[in-house]
Amino acid sequence: QVQLVESGGGLVQPGGSLKLSCAASGRISVVDAMGWYRQAPGKQRELVAVVASDESAEYADSVKGRFTISRDSAKNTVLLQMNSVQAEDTTLYFCNVRGQLTTGACFAYWGQGTQVSVAS
C-alpha cells in the first residue's frame, strides 16, 4: 500500500512564492511519475506539472516559466516551486504518484489535497 503526505500550502501575496512537497511511502519498487494537479469547486481536475523517472517534465501552459517541478528519488518526494503566483492559482492542489509495488503490481495514488490561496 502507498501513502502520500502533502505539505506547503497556505496563503501568499500575489507575486510571492510557495513550495509544495509530496512524499510517498510504502512497498514501492519503482516510481514512474510524480505530479501535481489542481481542482476548483465544480471544475475538472487539471494537470499543473508532472515529472518522470528520467526527470523529464511537463507543465500546464498557465504555469510555464513560473513553476518548477523536481523530484528526490531517494526520498520518493516531489516538489513544486511556485514563483510569481497569481490570484488565478488559488485552488486545491493534489499530488499524484504512479509506479510499481514490490509485488510488481502497478499503482496510482492521490494525496488528500492542500489549499493554496493567493491574495493581498
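Between which two strands does the loop that holds asparagine 76 lie? Asparagine 76 sits in the loop between β7 and β8, and the views below start from there. This is a predicted model, in which local features need pLDDT of at least 70, side-chain atom pairs count only at pLDDT 80 or more, and totals for chains, interfaces and linings use all residues. Residues are numbered from 1 along each chain as its sequence is written, and side-chain values use heavy atoms, with hydrogens and water left out.

**View A. Two loop residues with positive phi.** Asparagine 76, although not a glycine, has a phi of about 50°. Glutamate 55, also not a glycine, has a positive phi of about 75° and belongs to the loop between β5 and β6 (57-59). Strands here are DSSP E runs of at least two residues, numbered from the N terminus. Most residues other than glycine have a negative phi.

**View B. The disulfide of cysteine 22 and cysteine 95.** The sulfur atoms of this pair are 2.1 Å apart (a disulfide is a pair of cysteine sulfur atoms within 2.5 Å). The link is left-handed, with -85° about the S-S bond. Cysteine 22 is in strand β3 and cysteine 95 in strand β9, so the bond ties together parts 73 residues apart in sequence. Both cysteines are buried (under 20% relative accessible area; exposed is over 50%, partly exposed in between, with a 1.4 Å probe and protein chains only).

View C. Cysteine 106 counts as exposed, at 65% relative accessibility.

Terms used
Helix = DSSP H or I, 4+ residues; strand = E, 2+ residues; numbered from the N terminus.
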